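Biologist: I have a new model open and would like to learn how to read it. Could you take me through it?

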Amino acid sequence: MLRLRDIGFEAAAALLARHGLVLHRVADGAPIPGSYWGEPEAGVIGSAVHARADTPVHSLLHEACHLIVLPAERRALVHTDASDSDAEEDATCYLQILLADELPGVGRERLMADMDAWGYSFRLGSTRAWFERDAEDARRWLSVRGLAAPRDPATTS
């Protein structure tokens with residue numbers, strides 16, 4: 001499982017900043033504020049994502065994407081639990097895969113493998129199968145909001 005310490009905080013912080021978010025570095029061993037799943041998983045409060053060096057990259061991206069898909073007025077109210085629908089959850093999963101390509105040393109292939117290893121559950125059995133063959137609703141949800149192209153060129157033949 002790829003951890004934040006493996007890629008460094010700088011690239012992750014820069015990616016989040018491009019989306020109006022702040023990455024707060026939590027000291028090793030300290031509790032992670034706003035962590036829904038518990039440590040070492042990332043936490044969210046408002047426009048901030050909280051993570052330690054041992055936080056999995058997929059968790060950091062997932063929680064950040066929960067905030068990215070929210071309108072500013074909803075984002076400001078978030079503390080720990082950011083999702084309120086299956087459609088939003090699917091959009092979050094899809095977007096985290098896209099954003100993995102923007103982090104050096106990560107990429108969508110590695111992220112999808114880590115998502116499977118962590119236990120993300122998709123009806124086609126794997127993150128890759130869902131992303132490539134069953135995520136049209138998530139892609140459309142993101143496209144309508146200007147967060148992704150209507151069809152990801154990497155998934156077309």
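This is a predicted model: local features need pLDDT of at least 70, side-chain atom pairs count only at pLDDT 80 or more; totals for chains, interfaces and linings use all residues.

Biologist: Which secondary structure elements does the protein chain have?

Modeller: The protein chain has eight helices and three strands, and along the sequence they run α-α-β-β-β-α-α-α-α-α-α. The radius of gyration is 14 Å, close to the 15 Å from the globule rule for 157 residues, so the chain is as compact as a globular protein of that length. Its C-alpha trace spans about 45 × 35 × 25 Å along the principal axes.

Biologist: How many residues are in the largest nonpolar core, and which have the most contacts inside it?

Modeller: That core holds 47 residues, and Leu-23, Val-49 and Trp-130 have the most contacts inside it. Several elements supply at least two residues each, including strand 3 (48-51) and helix 7 (127-133). Helix 5 gives the largest share, eight residues. Leaving out residues up to four places away in sequence, Trp-130 touches Asp-90, Cys-93, Tyr-94 and Ile-97, among others.

Biologist: Now the charged residue. What is the nearest side chain of opposite charge to Glu-41, and how far away is it?

Modeller: It is Arg-3, 5.5 Å away. A salt bridge needs a nitrogen-to-oxygen distance within 4 Å, and Glu-41, though buried, has no salt bridge. Glu-41 sits in the loop between strand 1 (22-25) and strand 2 (43-45).

Biologist: Which side chain does Glu-41 join in a polar contact?

Modeller: Trp-118, at 3.2 Å. Other residues that Glu-41 touches include Ile-32, Thr-55 and His-58.

How values were computed
Residues are numbered from 1 along each chain as its sequence is written. Side-chain values use heavy atoms; hydrogens and water are left out. A nonpolar core is a set of buried Ala, Val, Leu, Ile, Met, Phe, Trp, Tyr and Cys residues joined through side-chain atoms within 4.5 Å. Buried means under 20% relative accessible area, exposed over 50%, partly exposed in between (1.4 Å probe, protein chains only). Helices (H or I, at least four residues) and strands (E, at least two) are DSSP runs, numbered from the N terminus. Contact means heavy atoms within 4.5 Å. Lys and Arg count as positive and Asp and Glu as negative; His and the chain ends are not counted. A polar contact is a pair of N or O atoms within 3.5 Å; within protein, one must be able to donate a hydrogen and the other to accept it, and residues adjacent in sequence count only if both atoms are side-chain atoms. The radius of gyration is taken over C-alpha atoms; the globule rule is 2.2 Å times the number of residues to the power 0.38.
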